[in-house]
Amino acid sequence: MTTLRATLRLQVHKDFTLYDACEHIDYYKELGISHLYLSPLFEARPGSSHGYDTIDYSRISQERGGDAGLLQLSKAAHARGIGLILDIVPNHMAVGADNRWWQDVLTWGRSSRYAPFFDIDWSETRHRPGNTILLPFLDRPYGEALKDGLLILYYDAEKDSFSIRHYEHSFPICPEHLSLDTKNNCGPEELHNSTQNILDFYNIPSKEQIERLHTLLEKQCYRLAWWRVADETINWRRFFNITDLIALNIDKDFVFDAVHAYALTLYEHGVIDGFRVDHVDGLALPGHYCQHLRQEMQQRNAFRPSLSPEEPILFVEKILADGEKLPSAWQVTGTTGYDFLEEVSLLLHDDSGEDCLTALWAETAPDWSGYEAESQSARIEVAETLLSGATDNFIATVYCLTRQDITLRDFTERDVRLLITTLLSLLHMYRTYSADNLNQTGYLSPISGNQTIFLEHAYEQLTKKMPIRLSPLLNWIREKLAGKYNDHEIVRSFEHLSAPLAAKAIEDTVFYRYGRLLSRNDVGTDPAHFSMSSAQFHQAMRARRKHYPDSMLATATHDHKRGEDARARLAVLSSCSSEWSEVVATWSTINAPLKGQYGPDKIDELILYQTLIGAWPLEQISPSFSFKERVSAWQIKAIREAKRHGSWADPDENYETDCLKFIEKIFQHEPFLIEFNLFFQKIAPAGALNGLTQTLLRFTVPGVPDTYQGTEWWDFSLVDPDNRKAVDYKARSKALLGKKPFWQAAKRWENGHIKQILIQKILEIRGLWPSLFAEGDYSSITVEANFAKSLVSFVRHTTTEKILILAPKHGFLLNPDSIDLNTLDFLQSGRKIIEKTEYTWKSILWENVCIRRSGEVTIPPSCRYFPVDILVPDFDET
């Protein structure tokens with residue numbers, strides 16, 4: 001098996017298939033990648049660009065290349081020493097006519113063999129009779145859809161089945177019900193023998209036809225409804241609030257086997273070499289799931305062809321809160337790297353700019369009550385809107401239990417709601433794992449990490465906020481959720497609610513409302529924290545090496561809010577916060593006449609300016625048409641996610657139109673473009689330096705560096721779908737084959753080739769000395785006081801190998817008026833940088849540059865010292 005060294009994430013779809021990936025396999029090899037990390041490949045909804053809407057786990061998507069395409073890629077990759085890691089989706093499937101499991105459940109209801117596969121509440125409610133699935137897919141209220149002739153009976157000759165069609169949706173009709181509908185001119189025998197008569201009976205417009213069709217639909221195991229009722233009345237668990245993705249009961253062994261059978265067969269046969277588990281927090285029992293999957297992989301290791309019995313590669317998509325630990329009992333290789341994205345982001349931010357940026361935000365958003373308070377409010381808001389159905393059901397269940405307890409029955413449902421919603425708002429992580437600690441007989445050995453600490457902290461805060469009279473109820477809820485009463489369903493329901501609530505309230509709401517500095521608003525980050533010292537970063541890296549040395553290191557993903565180099569550039573604003581405040585005021589004054597009657601308001605204007613700074617293409621003074629389209633698409637998404645001026649369900653067309661017109665106008669407004677470019681050109685080099693530092697650290701600290709497709713060059717992308725655009729691999733391959741030295745590429749840093757060369761250089765070293773990075777110690781270097789704020793340095797070492805890393809931070813402070821990547825004028829010749837060195841350190845990136853025992857930098861006449869560097873000991877001289 002190829003040793004896990006560095007991964008490259010590929011988005012595979014109909015426009016970039018497995019065969020396309022084969023065409024570029026030599027490029028991936030030349031770059032130094034050890035494993036390709038593939039987006040979901042199993043059969044998904046037709047036209048899916050991401051693959052997370054699986055409809056069949058038993059075959060590879062034909063649009064993506066099918067089994068033949070995967071086998072060809074596997075053969076080509078393995079021949080070059082490259083492994084394959086497959087992204088799998090055990091939490092949910094797509095609903096619809098293409099999903100045979102789902103269609104069978106709609107046809108036969110609870111009697112379907114697939115009914116237990118899905119997380120459906122079959123109990124009776126005020127919204128529908130029992131044993132009925134609510135299907136909120138109609139474009140208007142049910143009665144109107146009937147009267148308007150938008151529900152049509154359709155016959156599929158190939159499948160010999162009837163269904164109801166509504167635009168692109170198709171809902172099966174149980175064959176047992178058609179024979180019972182005999183009226184008017186159509187007798188039973190005629191209906192049975194004539195398909196056309198049956199269709200006419202239900203489709204020819206008339207008052208009787210509407211009644212007949214309604215009667216037929218009332219007999220089905222589902223109830224059709226308007227899409228707007230989904231959030232409140234839906235009775236099956238979704239992926240977040242996406243109504244066309246239904247949750248699976250993957251904790252049931254027979255469901256696990258059905259979902260993973262083919263994936264594990266591919267692993268056993270050596271076609272793929274590991275898995276990445278999507279959204280592990282969505283599972284009922286994440287810990288048991290991971291243990292189960294790992295055990296299945298280990299059992300198949302003995303049968304894998306010509307492969308050494310190494311530990312299974314098993315990554316999980318898991319967002320860790322500040323201070324949260326990934327449970328070791330899960331027995332996974334590590335996370336997909338959001339935690340490193342947060343750590344390196346904090347390192348690149350200059351704490352000296354926090355107060356000024358906070359003041360600017362306070363002036364822009366005077367009603368802002370603070371990040372913590374706003375986050376709590378957003379959680380409550382989402383609980384009562386987007387996830388109101390799940391929230392209401394959980395509260396109703398808890399309230400029902402209190403009514404059965406004589407010490408609690410006098411507490412009202414309103415009391416229960418107050419405690420539950422407030423508790424949810426005070427949680428600082430996605431979820432706890434109490435359900436993992438329970439089985440039918442009581443407690444298992446603890447499988448969770450330290451998530452319980454966060455829940456206890458939330459209880460402490462809640463106790464201070466609630467009236468004393470509610471203490472008995474709060475204590476009872478506390479014991480219930482801790483599993484004291486061995487009530488599995490209550491614990492699971494709470495954990496199923498808290499995870500999507502955190503995602504929708506924070507990532508998809510607050511991150512679009514909070515505009516202090518957008519580089520701190522991304523998946524996996526906590527904007528309440530602004531920066532991190534070098535010492536804190538070193539401590540985090542040492543902990544990483546100790547606990548999860550093979551965890552992924554990511555700074556860009558298919559889910560990020562803005563590209564890794566866009567965030568790196570925005571981080572520069574923390575070092576020039578006063579000047580940023582001034583230019584924002586200038587731009588706002590210049591553009592004030594361009595605003596419309598409805599918008600944008602000051603908050604969205606500030607967020608727009610930051611978005612432009614982060615995403616603005618290098619070597620471009622005026623925005624191109626494609627760039628304007630990208631920013632406009634981002635603007636609509638940002639407005640609707642923020643939910644301050646409309647939402648996806650109820651957009652504010654007037655406000656959105658004015659915001660789009662504002663973008664169009666400022667892109668043609670010469671006074672603004674002149675001022676904007678003056679500031680942009682001043683910070684862009686420092687932003688590029690941040691990007692290189694981010695890359696250097698990702699590939700040298702403990703862990704497995706992951707590169708998201710195309711980000712070998714500068715990544716100034718915006719939120720999806722912008723971050724999933726096509727990659728020009730031919731151009732990247734041509735640049736890489738040019739074999740240009742790093743110092744020469746630095747002279748044309750704008751094209752991004754310098755970043756690609758840096759990646760290749762480090763991966764070349766990792767290939768030559770794999771044990772140095774896989775097993776080597778991590779020791780921080782004490783930096784001379786003058787550079788303590790602007791340089792981070794450490795050594796990776798074994799008993800026989802050493803590498804010294806020099807990485808700048810806050811480069812704008814070094815000389816903000818003369819930073820120029822073309823002349824590499826960042827540090828002056830001869831300065832003492834490092835207090836103690838054991839060797840003469842020779843540069844890998846720069847010709848003849850070295851640091852001698854004295855701690856001085858020696859610089860060749862041809863170039864000045866550039867502080868992004870990798871140095872190795874010159875053993876001949878020592």
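Predicted model: local features only at pLDDT ≥ 70, side-chain atom pairs only at ≥ 80, totals over all residues.

Biologist: What makes S7 and S11 a pair?

Modeller: A pair needs at least two bridges, and five bridges join S7 to S11, so they qualify. In that pairing, Leu138 stands opposite Trp226 in S11.

Biologist: Why is S7 called mostly covered?

Modeller: Buried means under 20% relative accessible area, and six of the six residues in S7 are buried.

Biologist: Where can I see a sheet built from several strands?

Modeller: Look at the open sheet of eight strands, in the order S16-S15-S14-S5-S2-S1-S20-S19, with parallel pairing. Its edge strands are S16 (334-335) and S19 (552-553).

Biologist: What makes S16 and S19 edge strands?

Modeller: Each of them pairs on one side only. Further in, strand S2 (residues 35-38) and strand S5 (residues 83-88) run parallel and are joined by four bridges, and His35 stands opposite Gly83 in S5. Helix H3 (residues 66-79) packs on the sheet, where H3 touches S2 and S5. The direction of H3 makes about 140 degrees with that of S5. Helix H12 (residues 286-301) packs on the sheet too, touching S5, strand S14 (274-277) and strand S15 (313-316).

Biologist: Which residues have the most contacts inside the largest nonpolar core?

Modeller: They are Leu36, Leu38, Phe275 and Trp580, in a core of 229 residues. Helix H27 (residues 670-698) gives the most to this core, with 13 residues. Apart from it lies another core, of 12 residues, among them Ile55, Ala94, Phe239 and Ala502.

Biologist: Why is Gln103 called buried?

Modeller: Its relative accessible area is 14%. The cut-off for buried is under 20%, so Gln103 counts as buried. Gln103 lies in helix H4 (residues 100-108). Leaving aside neighbours within four places in sequence, Gln103 is in contact with Gly96, Ala97, Ser170 and Pro172.

Biologist: And Gln404, how do you know whether that residue is buried or exposed?

Modeller: Gln404 has a relative accessible area of 59%. Exposed means over 50%, so Gln404 is exposed. You will find Gln404 in the loop between helix H16 (388-403) and helix H17 (413-426).

Biologist: Where is His279, and what is its phi?

Modeller: His279 is in the loop between S14 and H12, and its phi is near 45 degrees, again a positive value. His279 is buried, because its relative accessible area of 10% is under 20%.

Biologist: Which peptide bonds to a proline are cis?

Modeller: One of them runs from Gly599 to Pro600, with omega near 5 degrees. Another runs from Asp720 to Pro721, with omega near 10 degrees. Most peptide bonds are trans. Pro600 is in the loop between helix H23 (577-591) and helix H24 (602-615).

Conventions: Residues numbered from 1 in each chain as written. Heavy atoms only, no water. Helix = DSSP H or I, 4+ residues; strand = E, 2+ residues; numbered from the N terminus. Contact = heavy atoms within 4.5 Å. Axes fitted to C-alpha atoms, helices over the stretch in contact; angles between N-to-C directions. Core = buried A, V, L, I, M, F, W, Y, C linked by side-chain atoms within 4.5 Å. Buried < 20%, exposed > 50% of the residue type's maximum accessible area, 1.4 Å probe, protein only.
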